[in-house]
Amino acid sequence: MSIFSKIVNGEILSYKIYEDSNHLAFLDIFPISKGHVLVIPKKEIDYVFDMNDREYTQLLLFAKKTSLAIKKVINCNRVSLNIVGLDVPHVHIHLIPINSISDLNFEKQKLTFSKEEFKEIAALIREAI
Ligand code: AMP
């Protein structure tokens, strides 16, 4: 079972923002910017382009809804949408608030937040959905 399936099942700690029957949005625990969110299908699929067309488009629509909420409450020029998937074999879209291209560096030092701060950011975005 992937670490993200464990998050879906509530077996490990996460900062959930919003979910529907097939998707979940939660905070990336090693954020590259404030409001860095992951959006996943609850069904465990490794590679995004193995999703069928319906699953794929539904995931993108869920990501759009989440992105609009992020943009309302996190100060940024854009919310970027990125798929990497080299570390966790469970499809996930990174929604990352950015002001410039240099903000989009996955190798830079990650930000750290306290549990309370993570909870506050998740609640802020949740309330904007
Ligand atoms: P990648 O598979 O390369 O797209 O990267 C996986 C992403 O998942 C990274 O940004 C990690 O910080 C994030 N990540 C890994 N474990 C967790 C977790 N338990 N909770 C939230 N995010 C995680």
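## The shell around the ligand

In this predicted model, 16 residues surround the ligand, and the closest are D28, G85, D87, H92 and H94; a residue is taken as near a molecule if one of its heavy atoms lies within 4 Å of it. By residue class, the shell around the ligand divides into 11 nonpolar, three polar and two charged residues, where Ala, Val, Leu, Ile, Met, Phe, Trp, Tyr, Cys and Pro count as nonpolar, Asp, Glu, Lys and Arg as charged, and the others, Gly among them, as polar.

Residues are numbered from 1 along each chain as its sequence is written, and side-chain values use heavy atoms, with hydrogens and water left out. Local features need pLDDT of at least 70 and side-chain atom pairs count only at pLDDT 80 or more, whereas totals for chains, interfaces and linings use all residues.

## Polar atoms facing the ligand

A polar side-chain atom of D28 lies 2.6 Å from an oxygen atom of the ligand. Backbone atoms also take part in such pairs: a polar backbone atom of I29 is 3.2 Å from a nitrogen atom of the ligand, and a polar backbone atom of L86 is 3.3 Å from an oxygen atom of the ligand. On its own the ligand has 500 Å² of accessible area, of which the protein covers 87%; these areas come from the Shrake-Rupley method with a 1.4 Å probe.

## Pocket and contributing elements

The ligand sits in the largest pocket, in the sense that more than half of its atoms lie within 2 Å of the pocket's grid points. A pocket here is an open set of points on a 1 Å grid over the protein atoms alone, with protein on both sides within 12 Å along at least five of seven lines.

Two or more residues of the shell come from each of α1 (3-8) and β2 (23-27), and α1 gives the most, with three residues. Helices (H or I, at least four residues) and strands (E, at least two) are DSSP runs, numbered from the N terminus.

## Buried strand residues

H94, one of the residues closest to the ligand, is found in strand β5 (residues 93-98) and is buried, with a relative accessible area of 8%; buried means under 20%, exposed over 50%, and partly exposed in between, with a 1.4 Å probe and protein chains only. The side chains of H94 and H36 are joined by a polar contact of 2.9 Å, that is, a pair of N or O atoms within 3.5 Å in which, within protein, one must be able to donate a hydrogen and the other to accept it, and residues adjacent in sequence count only if both atoms are side-chain atoms.

N82, in strand β4 (residues 78-82), is also buried, at 13% relative accessible area. Its C-alpha atom is 5.8 Å from that of I93, 11 residues apart along the chain.

## Exposed loop residues

D50 is found in the loop between β3 (37-41) and α2 (53-73) and is exposed, with a relative accessible area of 58%. The C-alpha atoms of D50 and V91 are separated by 9.6 Å, the two residues being 41 residues apart along the chain. F49 is found in the loop between β3 and α2 and counts as exposed at 57% relative accessibility.

How values were computed. 1 Å grid on protein atoms, 1.4 Å probe; cavity = no way out; pocket = protein on both sides within 12 Å on 5 of 7 lines; lining within 4 Å.
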